[in-house]
Amino acid sequence: MTQRQLFLQNLAQTSDFPLALEIEKAEGIYLYGKDRKYMDLISGIAVSNVGHRHPKVVEAIKNQVDKYMHLMVYGEYVQSPQLQLADALVKTLATFRTSSALSLDNVYFTNSGTEAVEGAMKLVKRFTKRIEIISCRNSYHGSTQGALSLGEEHFKRNYRPLLPSTKKIERNNFEDLNKITFRTAAVFFEPIGGESGIRPAEENYLKALQKRCFEVGALLVFDEVQSGFGRTGKFWAFEHYGILPDILLCAKGMGGGMPIGAFIAPMEIMSVFKDNPILGHITTFGGHPVSCAASLATLNTIFDEKMLDDVEKKSNLFKELLVHPKIKAVRGKGLMLAAEFQSFDVLKPIIDKGIERGVITDWFLYCDNSMRISPPLIITENEIREACEVILSCI
Ligand code: PLP
């Protein structure tokens, strides 16, 4: 049987039309198939921010594997890679304060973004003693039953019952802020909406959202699973706004290609997991030492190699070059971009042709008329020119 046949026969499929590209090797912004090279403009969906197999990340993984891999379930042993990563993450947040003047100094490591969402959902319920959780229309926070409860009807409908007491607000709609009340435990919010097709929040709106949450004692949770770790040109997307949430979630780009996520909160909040019952949230593999070592190398590499410095310039270059009567707009911040077309029917053949010509793009879960452009941050200006030429030729 061919690899492709095995893929279709033995691997659980989630659609009848998987991309099914066969990749043998990846490096930098490129994926290599048997007889062709692809430019990865989506980074495995906002994961490979520092590029595929960044040498510093690979080195950190190898060094850690030579010391130890899994030792014990979460939170029992003192494991250096976890501590160093937690310390580095907290340092990126040290100059900001939450609306209640606390600092985000406590990190709970998970295996994925969804698990960061799940953990944070439990945390806000336990801390506030409220059950209502609000999320934004067209937001995606993950696929397990808690995170899915915050998602859209289209994905939920056939998987009920899900969590009760969830509500939706419209991004950038000031009136909807009144839906946040004294019954609300938390608002889960992406400062820049990912799967809605890259929708930045307006600064005044985000300020008003934070104020409203503070007034009614609801916690503000920013889901930076997609927007964190430099994707938007700042290390955290919230830095564009200067608004620190009460709880911050990250994953995806965090691991430099390894699976890891985290929810980060003030110790005053996180400590509710410690009693009644003890072990309020547990995981076997969350914060795996090899993933933590990879993540620390990723974080350090972003700063050491000054990867954030020219993200805005690269973003502007995409916006400058992707001009065509069929492209209605290019929106987004940094290298978290969406190019909007008339419809999916117009966009899909362009994406397909792009892949045939060696440039991988995609669309969004909740926005199928827009092309996802989220390349590794290390893409060069020449590579951007080359990629845009291919996209324009496909149109
Ligand atoms: N939150 C956001 C904003 C996401 O974009 C995603 C995944 O796309 C998730 C959560 C879920 O993360 P994961 O797929 O790592 O579980």
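## L162 and its loop

L162 sits in the loop between α7 (153-156) and β6 (166-169). Helices (H or I, at least four residues) and strands (E, at least two) are DSSP runs, numbered from the N terminus. This is a predicted model: local features need pLDDT of at least 70, side-chain atom pairs count only at pLDDT 80 or more, and totals for chains, interfaces and linings use all residues. Residues are numbered from 1 along each chain as its sequence is written, and side-chain values use heavy atoms, with hydrogens and water left out.

Is L162 buried or exposed? L162 counts as buried because its relative accessibility is 14%. Buried means under 20% relative accessible area, exposed over 50%, partly exposed in between (1.4 Å probe, protein chains only). Leaving aside neighbours within four places in sequence, L162 is in contact with Q145, L148, S149 and K156. Contact means heavy atoms within 4.5 Å.

## Cis peptides and positive phi

P161 also belongs to the loop between α7 and β6. A cis peptide bond joins R160 and P161, with omega about 5 degrees. A cis bond joins N276 and P277 as well; omega there is about 0 degrees. P277 lies in the loop between α9 (267-270) and α10 (289-304).

Most residues other than glycine have a negative phi, and most peptide bonds are trans. R53 is not a glycine, yet its phi is positive, about 50 degrees. R53 lies in the loop between α2 and α3. R53 is partly exposed, because its relative accessible area is 43%. N172, again not a glycine, has a positive phi of about 65 degrees. N172 is placed in the loop between β6 and β7 (184-189).

## The largest pocket

The largest pocket has a volume of about 1700 Å³. On a 1 Å grid over the protein atoms alone, a pocket is an open set of points with protein on both sides within 12 Å along at least five of seven lines; a cavity is a set where a 1.4 Å probe fits but cannot get out; lining residues have an atom within 4 Å of a point. Grid points are joined across faces, edges and corners, and a volume is the space filled by probe spheres set on the points.

The pocket is lined by 44 residues; T14, I45, D362, L365 and R372 lie nearest its centre. Which element gives the most to this lining? It is α12, with five residues. Elements that each supply at least two lining residues include α5 (113-128), α12 (344-356) and β17 (367-373). The lining has 21 nonpolar, 13 polar and ten charged residues. Ala, Val, Leu, Ile, Met, Phe, Trp, Tyr, Cys and Pro count as nonpolar, Asp, Glu, Lys and Arg as charged, and the others, Gly among them, as polar.

The structure holds one cavity of 30 Å³ or more. About 50 Å³ of space lies in the largest cavity. Of its 13 lining residues, H70, M72, Q79, Q82 and P289 are closest to the centre. The cavity lining divides into six nonpolar, seven polar and no charged residues.

P289 also touches Q64, as do P81, V290 and A293, not counting residues up to four places away in sequence. Q64 is found in helix α3 (residues 55-67). Q64 is buried, with a relative accessible area of 6%.

## The whole chain

The protein chain has 13 helices and 17 strands. Of its 395 residues, 53% count as buried.
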